[in-house]
Amino acid sequence: MRGLVAHFRELDALCEAIEDLRKERFDKVTVYTPTPRHEIEHAVAAPRSGVRRYTLIGALCGATFGYWVAIWTSEYWPLVLGGKAFGSWIPYTIIAFEMMVLVGALSTVAGMFINSRIPRLVATVGYHPRFSGSDYGIWVEDAPERLSAAEALLRRHGASEVHGEQ
Amino acid sequence: MATTVEPQGPARPNIPAAGLQLPAVRDYEQVDREIGATLNPTKAWFGGLALAILGLLVGVTAFTYQLHEGLGVAGYEPPVMWAVYIITFVFWIGIGHAGTLISAILYLFRAGFRTTIYRLSEAMTVFAVMTAGLFPILHTGRPWKAFWLLPYPNWRLLWPNFKSPLVWDVFAISTYLTVSVTFLYMGLIPDIAALRDKEKNPVRRQILAVLSMGWRNSEREWRHFSRMYLFLAAFSTPLVLSVHSVVSFDFAMALVPGWHTTIFAPYFVAGAIFSGFAMVWTIAIPLRKWFKLEHYITLNHLDASAKVVLLTSLIVGSAYLIEFFIAWYGGVPAEQDYFWNRVFGQWWWAAWIMLTCNMILPLSLFSQQLRRNTTWLFILSLFINLGMWFERFVIVVPSLSHEFEPWQWAAYTPTWVDLGILLGSFGWFFMWFLLFIKQFPVVAISEVKEIVPPRMRSAGAGGGHH
């Protein structure tokens with residue numbers, strides 16, 4: 001047996017089970033929830049999301065590209081107007097701004113995909129369709145001899161259903 | 001035993017204000033059941049779709065005729081070389097703005113009333129921008145050359161002029177469309193996963209599995225998703241302000257009476273939000289009745305949105321008055337003559353439709369009784385849609401027909417071709433919208449669950465109503 005899937009109906013029971021699993025040093029624990037909840041985030045004590053780095057880098061690259069493409073093409077194909085500068089940064093700020101938003105937004109999405117490990121086109125072991133409906137879930141992966149202790153812990157905390165998966 | 005867990009607010013920062021809770025929604029199962037039921041097609045839906053496709057076909061016919069004959073058949077004659085197409089372009093871009101306001105700006109401001117209407121508003125944004133984007137292309141005369149506006153290395157060795165508002169438009173609108181589609185689709189992923197998990201039909205289940213990208217509701221996914229959603233909202237907020245500002249620059253950069261004014265950017269943005277909210281009402285009020293979603297899109301939500309409409313109406317009304325004041329105070333005869341002609345001359349009827357629908361009728365929203373009367377809100381939304389189309393008419397046509405030289409002054413009459421294409425644009429918009437609402441939940445399942453109190457084991461933890 002590779003691990004255990006536990007279904008929970010109540011949020012507080014789930015959070016208490018997560019905290020106890022951490023105390024008992026079960027490291028490979030995945031929590032499922034139909035909607036994001038701060039209570040679960042605190043119980044899991046997960047690190048901050050790294051998506052913001054993708055956002056910053058993408059936005060800077062986009063803005064740079066926006067200025068560059070406008071200035072470079074103005075120099076390459078000059079529109080001669082009464083001694084005015086070919087490259088004019090004030091109107092080009094509009095292009096740079098739009099490119100900053102576009103590349104920044106798309107790289108934010110890429111950051112979410114990379115950090116969340118999606119797209120995932122194969123079925124996940126330990127997931128149950130009810131976890132997108134009304135149930136909370138915990139998937140615990142560990143050596144078979146430790147799983148019986150995990151099962152007892154999960155049942156003690158009020159799991160409505162616990163079963164093993166290969 | 002671990003310590004007792006106290007319930008906290010939703011993880012995403014859209015904590016509803018008092019009075020914006022959903023008391024008639026008791027648990028997650030009810031949310032799944034009731035919102036899932038909106039996906040079943042009905043006879044009214046098929047009827048609406050047929051009507052929308054019919055309208056689209058009228059537009060396609062008119063466009064085909066115009067392609068063959070040239071832009072002259074659309075009523076364009078010097079000096080009025082911009083008319084229904086540009087008016088309708090600005091109209092649809094404006095409609096799109098409320099969607100982004102609701103989904104992004106109100107999200108950042110933690111306005112709870114957005115939760116149940118943001119999905120349909122976001123879908124409205126995407127389809128409105130898709131509609132708007134067609135109009136500059138229809139207006140180019142040779143639409144098959146429209147791609148020349150994009151900067152790419154080509155055999156002509158030519159690049160677009162980045163100082164031109166038309167090129168700014170290309171960048172602003174294509175960015176807006178891409179970011180709006182991304183925002184809509186990302187928000188849909190958890191809901192598509194919920195549909196996938198309930199789907200019995202294996203083919204449809206497989207399609208939903210691909211569309212949901214293997215989303216499985218893990219805490220890790222939600223953590224990164226929430227952060228991504230926040231950043232997308234933060235990007236969309238200045239984007240939405242920039243897009244209509246850029247659209248207003250199409251006019252404000254020109255030395256034409258009535259156009260060359262610095263007030264245009266904020267005036268256009270306020271007008272866009274005003275008209276967009278009206279379109280949200282036009283769509284949401286019948287939908288909540290047909291789909292029996294009155295306990296999701298409640299009177300409290302409509303009341304709150306009516307206050308936004310009232311505020312933006314007052315801003316737009318002030319802008320109208322400031323325009324008149326500046327024309328008088330500026331002392332430029334061409335400008336003064338133009339504004340007189342706009343309100344008391346050749347175009348008085350259009351200007352008074354605009355003033356009545358956008359300035360006078362929305363004042364009724366000072367009454368709370370009317371803010372909570374869905375029949376009045378629906379009727380008012382139709383008037384505002386009409387008034388905002390005429391606002392753009394008043395900006396475009398009277399200016400071009402009444403410039404500096406009296407010998408240039410002329411009239412303008414639309415023909416069946418541009419009116420047919422206008423009708424076709426409504427058909428195009430509603431066709432996409434109707435197709436959308438039967439494939440995807442029109443109210444966001446996962447976000448509604450955030451405001452439903454979670455089930456708790458210990459009564460002292462103050463859990464839900466289970």
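Which residue follows α4(A), and is its phi positive or negative? Select A:Arg117: this residue comes after α4(A), and its phi is positive, near 60 degrees. The model on screen is predicted.

**Stop 1: helix α4 of chain A**

Colour the helix by burial: 20 of the 28 residues are buried, and α4(A) is mostly covered.

**Stop 2: the side of chain B that touches chain A**

Now show both chains. The contact involves 60 residues of chain B and 64 residues of chain A. On chain B, select α1 (28–37), α5 (165–198), α7 (219–252) and α15 (445–451); each supplies at least two residues of the side that touches chain A. The most comes from α7(B), with 16 residues. Colour this side of chain B by residue class to find 29 nonpolar, 15 polar and 16 charged residues.

**Stop 3: α4(A) against α7(B)**

Keep α4(A) and α7(B) and hide the rest. Two packed helices are described by the angle between their axes and the distance between the axes. Here the axes come within 9 Å and cross at roughly 165 degrees. An angle over 145 degrees counts as roughly antiparallel, and α4(A) and α7(B) are therefore roughly antiparallel to each other. The crossing of α4(A) with α7(B) is left-handed.

For the side chains, select residues on α4(A) including A:Ile94, A:Phe97, A:Val101, A:Gly104 and A:Met112. On α7(B), the residues they meet include B:Phe225, B:Met228, B:Phe231, B:Leu232 and B:Phe235. B:Arg220 and B:Glu221 are also among the contact residues of α7(B). By class, the residues of this helix contact divide into 13 nonpolar, 7 polar and 2 charged.

**Stop 4: α10 and α13 within chain B**

Last, select residues 333–344 of chain B for α10 and residues 374–401 of chain B for α13. Their axes come within 10 Å and cross at roughly 120 degrees. This makes α10(B) and α13(B) oblique to each other, and their crossing is right-handed.

Which residues of α10(B) meet α13(B)? They are B:Tyr338, B:Asn341 and B:Arg342, and their partners in α13(B) are B:Val394, B:Pro398 and B:Ser399.

How values were computed: Residues numbered from 1 in each chain as written. Chains lettered and ligands numbered in written order. Predicted model: local features only at pLDDT ≥ 70, side-chain atom pairs only at ≥ 80, totals over all residues. Buried ≥ 20, exposed ≤ 12 C-beta atoms within 10 Å, placed from the backbone. Helix = DSSP H or I, 4+ residues; strand = E, 2+ residues; numbered from the N terminus. Contact = placed C-beta atoms within 7 Å. Nonpolar A, V, L, I, M, F, W, Y, C, P; charged D, E, K, R; others polar. Axes fitted to C-alpha atoms, helices over the stretch in contact; angles between N-to-C directions. Parallel < 35°, antiparallel > 145°, perpendicular 65-115°, else oblique. Left-handed = near helix turned anticlockwise from the far one by under 90°.
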